[in-house]
Amino acid sequence: MTDLLTRTRPKVARRAQRIGLLIAAGGLAAVFVVRALTGDIALVDLPNAAQDLVTLTVSVMIESLGFVILGILISVLVQVWIPDRWIVKVLPRNAAARRVVISVLGVLLPVCECGNVPLSRGLIAKGFSVPEAMTFLVAAPIVNPVTILTTYQVFGFTDGILISRIVGGFLIANLVGWLFSQHPAPGALLTEKFAADCALPAEGDHDHDHSGSRWQESRDLFARESAAVMPALILGAFIAGLVQVAVPRSVLVTLGSNPVWSVLALMALAFVISICSNIDAFFILPFASTFMPGGVVAFLLFGPIIDIKMLAMMRTTFTTTTLVQITTVVALMSAAIGLMVNFYA
Amino acid sequence: MPDLKRFQGLVLVGVMSASTLWLAATGQLELYVAPKHAVFAVVMSSLGLLSVLVSAMRVTVHHHAEPSPRLVPRVLAGVGASVAAVVTAAMVLLPPATLTSATAAQRDVNSTAPLADTATLDEQSAPDASTSNLSLLDWASLLRQTSDLAFYEGKTVRATGFITPDADDPSNVFYVSRFYISHCAIDAQAVGVPVYMPGWAGTYDADDWVDLEGAFDVNASTTSAQGIAVTAETVDPVAQPADPYIYK
């Protein structure tokens with residue numbers, strides 16, 4: 001309807017665009033003004049713990065914001081500007097070899113896990129089999145340059161954390177892909193309404209109005225991606241700050257110094273906080289001094305693939321049974337790799 | 001009917017980006033992230049603002065057939081949106097602040113003071129060793145290496161930091177402490193030197209910034225876990241420095 005308006009009444013559309021721009025510019029200017037006015041005024045006298053909770057939360061948000069914006073912009077680039085056939089047609093024909101290549105596609109498509117769900121749906125629509133899309137979904141958040149760079153920035157090559165993460169993510173993705181490729185009817189792994197739910201249309205899908213330009217698509221996608229990612233980012237930052245303030249260090253030290261509990265506790269933490277793989281290394285850094293390295297590895301493997309936020313997003317595509325199976329496989333593999341690091345590294 | 005969820009994302013990106021740029025413009029970004037990350041944060045926040053402005057010009061609304069979310073995802077989304085709104089408002093309305101003695105106490109002062117790139121026992125055992133350039137981090141590192149009083153004999157401690165009460169004997173012992181940070185405030189670890197001063201709370205408050213000068217001696221406290229502590233010659237209140245954190 002509005003697109004029709006854009007085509008038939010360009011003056012009205014341009015006016016609406018100007019109004020949108022003015023509202024956004026006015027809103028941002030208002031933020032600067034309010035910030036300048038309140039910069040030195042303590043509107044409320046917070047207790048130390050509450051003040052520190054705010055400081056820690058804001059710190060994680062600022063540290064993560066740049067990576068999230070980068071991830072969204074790359075997601076827009078991949079989904080709107082790169083033709084899908086470039087990705088599908090260059091893959092090997094052998095199924096296992098295809099999955100191996102697909103599991104490193106994240107190097108070319110470095111979107112964080114939130115962006116991977118709609119991207120995977122689009123890949124299925126473009127010809128990927130369900131197991132292949134799963135392989136991509138599991139591997140891409142870990143085996144991608146942004147995640148590797150931030151993990152390296154935080155840990156370097158200390159305790160084999162970076163290598164364990166990359167190799168572990170690759171192995172888990174291919175195992176998941178191989179397991180589900182044995183399913184007699186992979187289509188049954190998807191929800192019945194997937195086609196209707198699919199956010200990204202197939203070529204020639206005339207039900208979706210793409211009469212707008214790619215620029216319009218890009219603007220729309222930026223808005224949708226940020227709407228999906230930003231609340232999760234802030235909630236994750238808040239929980240990260242809360243854990244830091246509220247959980248006594250003695251508890252963390254007790255859990256973290258045990259080879260088994262360090263792995264299980266950090267996997268549980270990863271599941272709850274649902275933080276983005278591009279920045280989870282920053283989040284886990286303060287725990288690195290109290291938790292064994294295997295726990296950190298398990299956190300960095302499990303969290304990007306399975307957490308509250310991801311399960312909610314993946315449920316739009318896969319059945320509950322499928323998600324339980326994926327979660328079980330990924331949890332067992334993450335724990336096994338984490339324990340191996342603790343006992344042998 | 002406007003797509004409110006679509007605007008929610010733009011608002012959050014816009015407010016956070018604008019707040020980040022304001023912190024950078026006023027020299028306070030380093031209260032939250034290490035200087036080495038500041039440039040990236042500023043560049044990406046600028047891109048974020050630009051993207052918000054460009055995206056706000058989009059007038060078409062792309063509708064897809066989306067199923068009604070189930071109860072649990074709907075509740076989670078509601079909690080997430082509420083927390084996001086409150087935290088983002090706090091980011092804009094509350095003045096920038098450093099971490100306090102509450103976090104220093106929670107993380108145990110000197111529990112993880114780094115040993116790399118700080119003063120070593122060998123260096124400081126040399127006859128001509130000088131303590132004039134030692135930072136609070138150096139002193140904390142030395143304390144982790146030895147509590148042998150003979151090593152500290154004749155060495156004058158000069159340090160600036162905020163007061164954190166000792167967890168075991170808060171009436172008689174406090175730390176002159178600071179946070180050192182690798183990436184952002186969430187990885188902050190507290191370092192400091194213990195000071196034995198009975199009844200210090202009558203003169204100073206926790207979180208006060210002070211200049212300390214004194215020398216190590218046996219800690220007269222019967223309950224503090226610290227074997228040695230500084231006996232202060234002077235403890236002068238000072239303003240919080242512009243660079244309150246130590247970045248490593």
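Which loop of chain A does Asp159(A) lie in? The loop is the one between helix H8 (145-155) and helix H9 (161-181) of chain A. The report below covers this and other features of a predicted model with two chains, A and B.

Most residues other than glycine have a negative phi. Asp159(A) has a positive phi of about 55°, although it is not a glycine. Asp159(A) counts as partly exposed because it has 18 C-beta neighbours inside 10 Å, while a residue needs 20 or more to be buried and 12 or fewer to be exposed.

Chain B also has a residue of this kind. Asp207(B) is not a glycine, and its phi is positive, at about 80°. Asp207(B) is found in the loop between strand S3 (189-196) and S4 of chain B. With 19 other C-beta atoms within 10 Å, Asp207(B) is partly exposed.

## Chain A as a whole

Chain A has 17 helices and zero strands. It has 345 residues, and buried residues make up 51% of them. Among its contacts between residues at least 6 apart in sequence, 86% join residues at least 24 apart.

Helix H15 (residues 293-305) of chain A has 13 residues. At 1.5 Å a residue they should span 18 Å, and the end C-alpha atoms are 19 Å apart, which agrees. H15(A) is mostly covered, with twelve of its 13 residues buried. Among the buried residues are Val296(A), Val297(A), Phe299(A), Leu300(A) and Leu301(A). Gly294(A), Gly295(A) and Gly303(A) are also buried, as is Pro304(A).

Thr317(A) sits in the loop between H16 and helix H17 (320-344) of chain A. Is Thr317(A) buried or exposed? Thr317(A) has 25 other C-beta atoms within 10 Å, so it is buried. Thr317(A) and Val101(A) are 216 residues apart along the chain, and their C-alpha atoms are separated by 23 Å.

## Where the chains meet

How many residues of chain A are in contact with chain B? The number is 73, and they are in contact with 72 residues of chain B. Several helices of chain A give two or more residues to this side, including helix H1 (2-8), helix H2 (10-38), helix H10 (194-197) and helix H11 (214-246). Helix H3 (48-81) and helix H16 (308-314) of chain A are also on that list.

The largest share of the side of chain A that touches chain B comes from H3(A), which gives 19 residues. Sorted by class, the side of chain A that touches chain B has 43 nonpolar, 19 polar and eleven charged residues.

## Chain B as a whole

Chain B contains seven helices and six strands. From the N terminus on, the order of its elements is α-α-α-α-α-α-α-β-β-β-β-β-β. Of the 248 residues of chain B, 43% count as buried. For contacts in chain B between residues at least 6 apart in sequence, 69% join residues at least 24 apart.

The domain assignment divides chain B into domain 1 (4-93) and domain 2 (101-247). Six residues from domain 1 and seven residues from domain 2 take part in the contact. On the side of domain 1 of chain B that touches domain 2, four residues are nonpolar, one is polar and one is charged.

## Helix H2 of chain B

Helix H2 (residues 35-56) of chain B has 22 residues, which at 1.5 Å a residue should span 32 Å. Its end C-alpha atoms are 32 Å apart, which agrees.

Buried residues in H2(B) include Ala41(B), Ser45(B), Gly48(B), Leu49(B) and Val52(B). Seen down the axis of H2(B), its buried residues fall within an arc of 165°, so they line one face of the helix. On the other side of H2(B), Val39(B) and Leu50(B) are exposed.

## Strand S1 of chain B

Strand S1 (residues 156-165) of chain B is mostly covered, with seven of its ten residues buried. S1(B) pairs with strand S4 (residues 209-218) of chain B in the antiparallel sense, over seven bridges. One of the residues involved is Thr156(B), whose bridge partner in S4(B) is Ala215(B).

S1(B) also runs antiparallel to strand S2 (residues 173-181) of chain B, and four bridges join the two. Here the bridge partner of Thr164(B) is Tyr175(B) in S2(B). In a regular strand the side chains alternate between the two faces of the sheet.

Definitions and conventions
Residues numbered from 1 in each chain as written. Chains lettered and ligands numbered in written order. Predicted model: local features only at pLDDT ≥ 70, side-chain atom pairs only at ≥ 80, totals over all residues. Pairing = 2+ DSSP bridges. Domains from an automatic or database assignment. Nonpolar A, V, L, I, M, F, W, Y, C, P; charged D, E, K, R; others polar. Expected span 1.5 Å × (residues − 1). Arc of directions from axis to C-beta.
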